[in-house]
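Please look through the model shown below.

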Amino acid sequence: MTRRKTLLGSALLSLLLLWSNDDAFARPGGGSSFKGGSRSSGSSSSGSRSSGSSSSSGSRSSSSSSGSGSRSSSSGSSGSRSSGSSWGSRPVTLGGTSGGGSRSSGGGGGSSRNTVWAFRDQGGVLRAKQAPSPGVSIYAAPLPHAPIPIGPDTTSTAERVAGFVFGAGFFAMGAGVLAAPMFLIGLLLHRQRKRHQLDVGWSSAGHFVATRVMNAPTEPEESPAEVRRKMELLRGQDPDFSVILLEDFITALYVEAHTARGSNALEKYSPYLRPAARSTLGALPRVPVTTVIVGALRLVHFAIDRRTQLSRLVVELESNYTEDPQGAPPTSYYALERWILVRAFGARSRSPDRVRSFACPNCGAPLERTTHGRCTYCSQAVDSGQFDWVVERIDLLARESRGPMLTGTTEEEGTELPTIFDPGLSAARMEMARRDASFTESTLFGRVQWIFASMQHAWTSLEWNRARPCLTDRLWRAQSYWIEAYRQQGLRNVTENARILRIELVRIAADRWYEAATVRVHATGLDYTIRLGDNAVVGGRRDKERAYTEYWTLVRSATQHGPTRAAPACPQCGATLTMEMAERCGYCGTLVEASTFDWVLSRIEQDEAYTG
């Protein structure tokens, strides 16, 4: 009997538990859910058994309060689990006085819904408070911020001026920091353009401006002075080397090459022109070429290749030549070319008497005995640079039938620049005095004065032969280029009342064949260009003198010592030469080529381009 009662009681208890097992869910507007499994016989319950109106945390109780983190049957309980006081208040919507969605033995399951806020007070105790109406917070609305009082502007005029000055200064400083690099880049570009720009005054540098570049150069560029200094190192293996003679050789080869390409005879010069160079010239029109004048030769780059045992030189040549096709009128062209020359280590330079003669560089046989770079007389391949300089490649930078721009006014630049003195000038002056005790600066400057006056007269009158006794043959021919350019355009450049104000000796140098002295000439005078038809001024100013400075390099034979003459004299008989005796002495007929006898002008460089 006892067993039956026990089994019956267990069965009834199980049924009771199954009937009361239900869940309660509440989802506030924020989306959070609260879940508690409870069985209740009073107003509400959450997670505990209770027979009264409330229960304490984790126990069966008839008390009306609930503890922190407990499941509670209090009328404000939502059965939430909390880990401390960091939780704020949460609204829970309940129907009547029982948990939403739960089964209850109390009344009010379908009554109106109220919003209850659960929160923890400062002591951490869970509290509940019913809102006045659904969806309304139990907290009062925040009070509006009080307006911030703004008083009148009390900034003084002095403070405003100071602020403006400070801001403007800061802006100017920033603009200066940004503008300085741009200014330097622009200055460098201007200098680079200036090197190729026409200067209607004296110059032996290149100034032809091409409107169409045929082939862009690829070699790096250096100043001519830097190239000359580097080339002087060749004297260590070639005591006969002379920059002056090399420039004369290149100029003469240029004239020969263009004349030969007009007569289809380039193969004859194969010992000095490699196939690539001959191909470039051969692509030009094969018509007779006459009157080839090299207006300028500029040293661009020099390097020694230890791997190939070759010296490599890059030069730019500015020229004028005339093409005379059959059945058509002659056409003059102004050209700018870049020549790349090479020579092997161990090769020896020519002597001055052979610099303009072209034969087999090994045995001296006539060029007619050579073909495809090989001499049939000595059976040597002579186009490798083993015996002499050979042109490896030619780049045609420009070729136009329109001459250089000779009108307009170009502002003088570099006149105020400080004079550049060679660091070894004192030692070189002492060495010159040791070689020639009669050398003095005053007599050298007197020679410069005579050359200056002779050139001014010959230039202005377009009678350039009068200047031949005071210039090297190469410079005289180069300046003939500009004289001819003025003639063809019906113009004349006038240098009136030209005079030297001061002369400074800046450099002395010597090689086996020549001595050289560089001076800076400070001069002034009227400089303008007129049109021959009506004498109208088309360049410069007739009423304002123009001050300028230039660096002149004079040369003379290394064996020609003795007093320097301010006026020209025949080297054979000593008779004074007049202006009419431009090429030969009128008394004994001796050829007058001045550098063999006394100081003559070899090179003119503008002050903004001279680097020492």
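Is Asp511 buried or exposed? Asp511 has a relative accessible area of 15%, and because the cut-off for buried is under 20%, Asp511 counts as buried. The model is a predicted one. The partner of Asp511 is Arg235, and the two side chains meet in a salt bridge with an N to O distance of 3.9 Å. Arg235 lies in the loop between α3 and α4, whereas Asp511 lies in the loop between β15 and β16, so the pair ties together parts that are 276 residues apart in sequence.

Arg556 forms a salt bridge with Asp436, and their closest N and O atoms are 2.8 Å apart. Arg556 sits in strand β18, and Asp436 in the loop between α6 (425–435) and α7 (441–461), 120 residues away. Here both ends are covered: Arg556 counts as buried at 1% relative accessibility, and Asp436 counts as buried at 4%.

The side chains of Arg487 and Glu484 meet in a salt bridge at 4.0 Å, N to O. The two are three residues apart in helix α8 (residues 473–488) and therefore separated by about one helical turn. Arg487 is partly exposed, with a relative accessible area of 43%, and Glu484 is partly exposed too, with 27%. Elsewhere, salt bridges that share partners join Glu247, Asp248, Arg356, Arg468, Asp473, Arg474 and Arg477 into one network. The count of salt bridges comes to 44. Side chains of opposite charge can pair when their charged atoms come close.

A hairpin of three residues joins β15 to β16. Strand β15 (residues 491–510) runs antiparallel to β16, and 16 bridges join them. Within this pairing, Arg507 has Thr518 of β16 as its bridge partner. Thr518 also stands opposite Thr553 in β18. That contact belongs to the antiparallel pairing of β16 with strand β18 (residues 548–557), which extends over ten bridges.

Ile530 has Val537 in β17 as its bridge partner. Five residues lie between the strands in the hairpin of β16 and β17, and Asn535 there takes a positive phi near 60°. How many residues of β16 are buried? Strand β16 (residues 514–531) is mostly covered, with 17 of its 18 residues buried. In a regular strand the side chains alternate between the two faces of the sheet.

The nonpolar cores come next. The largest has 47 residues, and those with the most contacts inside it are Phe249, Ile250, Leu313, Val315, Trp339 and Trp389. Elements that give two or more residues to this core include α3 (224–231), α4 (243–262), β9 (310–323), β10 (331–344) and β16. The largest share, eleven residues, comes from α4. Val315 shows how such a residue is surrounded: apart from neighbours within four places in sequence, Val315 is in contact with Ile250, Leu297, Arg298, Leu299, Val300, Glu337, Arg338, Trp339 and Leu341. A second, separate core has 43 residues, including Tyr334, Met432, Ile508 and Leu554.

Strand β12 (residues 374–375) pairs with β13 over two bridges, and Cys375 stands opposite Gln380 in β13.

The last stop is on the surface. Which residues form a nonpolar patch there? The patch is made by Phe166, Phe170, Met173 and Val177, which together have about 500 Å² of accessible area. Val177 lies in helix α2 (residues 157–195). Its relative accessibility is 57%, so Val177 counts as exposed.

Conventions:
Residues are numbered from 1 along each chain as its sequence is written. This is a predicted model: local features need pLDDT of at least 70, side-chain atom pairs count only at pLDDT 80 or more; totals for chains, interfaces and linings use all residues. Side-chain values use heavy atoms; hydrogens and water are left out. Buried means under 20% relative accessible area, exposed over 50%, partly exposed in between (1.4 Å probe, protein chains only). Helices (H or I, at least four residues) and strands (E, at least two) are DSSP runs, numbered from the N terminus. Two strands pair if DSSP finds at least two bridges between them. Patches are made of residues with over 30% relative accessible area and no salt bridge: like charges are joined within 9 Å, nonpolar side chains (Val, Leu, Ile, Met, Phe, Trp, Tyr) within 5 Å. Accessible areas come from the Shrake-Rupley method with a 1.4 Å probe; for residues, only the protein chains shown count as cover. A nonpolar core is a set of buried Ala, Val, Leu, Ile, Met, Phe, Trp, Tyr and Cys residues joined through side-chain atoms within 4.5 Å. Contact means heavy atoms within 4.5 Å.
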